[in-house]
Number of protein chains: 2
Amino acid sequence: MQPSGAAFPLATPGQERLLAATPSSPAAPTPERVPENALNTLASLVQDDLEACNQTIVARMESPVALIPALAAHIVAAGGKRLRPLLTLASARLCGYGAKPGETRHVRLAACVEFIHTATLLHDDVVDESALRRGLASANAVFGNKASVLVGDFLFARAFQLMVEDGSLAILAILSRAAATIAEGEVLQLITQNDLATDEARYLDVIRGKTAALFAAACQVGAVVAGRDQSVETALMQFGLDLGIAFQLVDDALDYAADQAQLGKTVGDDFREGKTTLPVLLAYHAGDAEERRFWERTIAESEQTPEDLPQAIALIERHRAIETTLARAGRFAASAQSALAGFPPSPLRDALLDAADYTLHRAR
Amino acid sequence: MQPSGAAFPLATPGQERLLAATPSSPAAPTPERVPENALNTLASLVQDDLEACNQTIVARMESPVALIPALAAHIVAAGGKRLRPLLTLASARLCGYGAKPGETRHVRLAACVEFIHTATLLHDDVVDESALRRGLASANAVFGNKASVLVGDFLFARAFQLMVEDGSLAILAILSRAAATIAEGEVLQLITQNDLATDEARYLDVIRGKTAALFAAACQVGAVVAGRDQSVETALMQFGLDLGIAFQLVDDALDYAADQAQLGKTVGDDFREGKTTLPVLLAYHAGDAEERRFWERTIAESEQTPEDLPQAIALIERHRAIETTLARAGRFAASAQSALAGFPPSPLRDALLDAADYTLHRAR
């Protein structure tokens, strides 16, 4: 079961080093230079492209089988942020593509990226038998497991149809590889679920696959569509990969953040599913014998009561596991930013740099 | 919800006419010219290709995430017949491709076709919440819903990676369109499940999407790889499409065939799932008021007891719904055969013609 490095061809040893960094390392987030609306700024810089992308998304999820656009809209409309297509649009623009008449390939490809993302969301909604037996069927209650799977399949196929219309085999290679890597990451997540022997390298494999691979591909596609050379392509791919890892680390931290709960956000989904995310792994390894027994019961054995989530949050706070997770996210965000060092200063480059900081400070 | 013809771009009005044919129409199967082992003959004619295809399948479902090849093998190995890749290999050979050194594209593309088929099988295994509540989780008990979905996603992505390696945008277009059509057909099947108002045209849409689209694409790919002109491509596509419809009609008949049950085969899966297949629709429409109430209770309302399947089979036999379904399958098989009329006689052409007849007489 142990994956080799080859499982996730986007991985670099440097990332393992980043993840292994201690929380006392000084690569802390820099909140003072983060505009509250970094993603809005980014979106406003590619506003016309983003509107065209939204139109493409709506137009191309059409099917005579009306349940398909109905269910797809349920997810595509709900998602909102359009972070991944935004990365494709901004990367293409950063590479000088999109200003001339007829330069619209990035719009369609951004829609592809969103379709792949939506397909994975729909498939992620699929509930396992064991979860159903524990009464956790809520996520997917409206349409049912099977419809989620099939509409996800449709969107995935449609994404490839759009890529074929675009006609670039290089881009088809990037996104089909990303799709395979996402599936590998998701399967690895399933394997590491409830397994407290999961180490941090394996956790990194999971988030690199399930989240960062598509961020990386989304950015890389922007460089390819602009016809930029390999070094530019690699820089943007690296930016997306590190940004995606930072994004997922923060997401995993927020799932145990008490202040999120106070804001009325849902916390504890990962806990209830027994996911071995970094906050849990850190608290488990730092805990005493009694604390370890708590994690073994709640995570490894999936035996939970309603009082367990507050206790999990308390243990995670006791061992500063949120701060440590966010500090590691900060190092990946900084690494993402350094990947853009070769680009000349511009409002778009600055917005991408700010987006990396924003990732660290977002509320979901 | 009513799909237009555009939903299934492979559809032709001729197929609707074939389906509407009455059982008294004389296009009956011709068992006397069917070798028992028609598929074996076909396989033996492309034996080296098929072995190479099997090797490609095993080699390319590899992943460092070991659960993926383990679960994929569970399905890929179990399937056995390799009917769809066989169609790609035979079509390519029929078009004169595959004999010269280096002519191996059809082998890799046949593996793509099998990966797409396996992905749909895995996703078809996904059990709905409602089914689980009725105790129908057996199909998928070994690995769980979620693993089936994710490994299916991996195989689907891997299929596209193989197509990208092949490098033909025309083939990528054919198979990505087929994948979208399969998903549309499966969603339509979900919509028509438990719905006795389903008419035969809609039933045809379902089986054309969920089954025949991939048969058609598998055959068409063989012509494309051989570089044959559009008329040859269309002929093979039509052969596959009609063959796939015949195949599924027979499959749907066999699910209620008492002699299958006597042979120890599973019958009644479709009945338990409330699928509105042609045998049910024919018996429902031919039935008296009491019989209709039976179908409404068991299919529309999903209220079944163990005694209901024998009763369903008895009603289907009373109205000769199996014979009618098989007669319609016979017309599609004959139509498939006529699509090959333009090819000069050869052992391979004869084996494909026999395969169409075999479809009508196979035990599953």
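Arg320(A) lies in the loop between α16 (308-318) and α17 (321-339) of chain A. Helices here are DSSP runs of H or I with at least four residues, strands are runs of E with at least two, and both are numbered from the N terminus. The model is predicted: local features need pLDDT of at least 70, side-chain atom pairs count only at pLDDT 80 or more, and totals for chains, interfaces and linings use all residues. Residues are numbered from 1 along each chain as its sequence is written, while chains are lettered from A and ligands numbered from 1 in the order in which they are written.

Phi of Arg320(A) is near 50°, a positive value in a residue other than glycine. Burial was judged by counting other C-beta atoms, placed from the backbone, within 10 Å of a residue's own: 20 or more means buried, 12 or fewer means exposed, and anything in between means partly exposed. Arg320(A) has 15 such neighbours, so it counts as partly exposed. In chain B, Arg320(B) also sits in the loop between α16 (308-318) and α17 (321-339). Its phi is near 50°, again positive in a residue other than glycine. Arg320(B) is partly exposed because 16 other C-beta atoms lie within 10 Å.

Of the 19 residues of α17(A), 17 are buried, and the helix is mostly covered. Helix α8 (residues 145-166) of chain A gives a similar picture. Its 22 residues should span 32 Å, and its end C-alpha atoms are 32 Å apart, which agrees. α8(A) is mostly covered too, with 18 of its 22 residues buried. Just after α8(A), Gly167(A) takes a positive phi of about 90°.

Chain A as a whole has 18 helices and zero strands. Of its 364 residues, 55% are buried. Contacts were assigned where the C-beta atoms of two residues, placed from the backbone, lie within 7 Å. Among contacts in chain A between residues at least 6 apart in sequence, 78% join residues at least 24 apart.

An α-helix has 3.6 residues a turn, so residues three or four places apart point the same way.

Individual buried residues show which parts of the chain meet. Leu109(A) lies in helix α6 (residues 105-124) of chain A. It counts as buried because it has 29 C-beta neighbours inside 10 Å. Leaving out residues up to four places away in sequence, Leu109(A) touches Thr88(A), Asp166(A), Ile171(A), Val221(A) and Val225(A). Leu109(A) and Thr88(A) are 21 residues apart in sequence, and their C-alpha atoms are 7.5 Å apart.

In chain B, Ala111(B) is found in helix α6 (residues 105-124). It is buried, with 27 other C-beta atoms within 10 Å. Beyond four places in sequence, Ala111(B) touches Cys53(B), Thr56(B), Ile57(B), Arg60(B), Pro85(B) and Leu162(B). Ala111(B) and Arg60(B) are 51 residues apart along the chain, with 8.8 Å between their C-alpha atoms.

A nonpolar core is a set of buried Ala, Val, Leu, Ile, Met, Phe, Trp, Tyr and Cys residues joined through C-beta atoms within 7 Å. The largest has 246 residues, and Ala246(A) and Ala246(B) touch the most other members. Among the residues that Ala246(B) touches are Ala329(B), Phe332(B) and Leu360(B).

Confidence was scored by pLDDT, the predictor's confidence in each residue from 0 to 100. Chain A averages 87, and 82% of the residues score at least 70. Over residues 1-11 of chain A the pLDDT is below 50. It also stays under 50 over residues 21-32 of chain A. Where pLDDT is low, the predicted coordinates should not be read in detail. The model scores ipTM 0.89 and pTM 0.89.

How values were computed
The expected span of a helix is 1.5 Å times one less than its number of residues.
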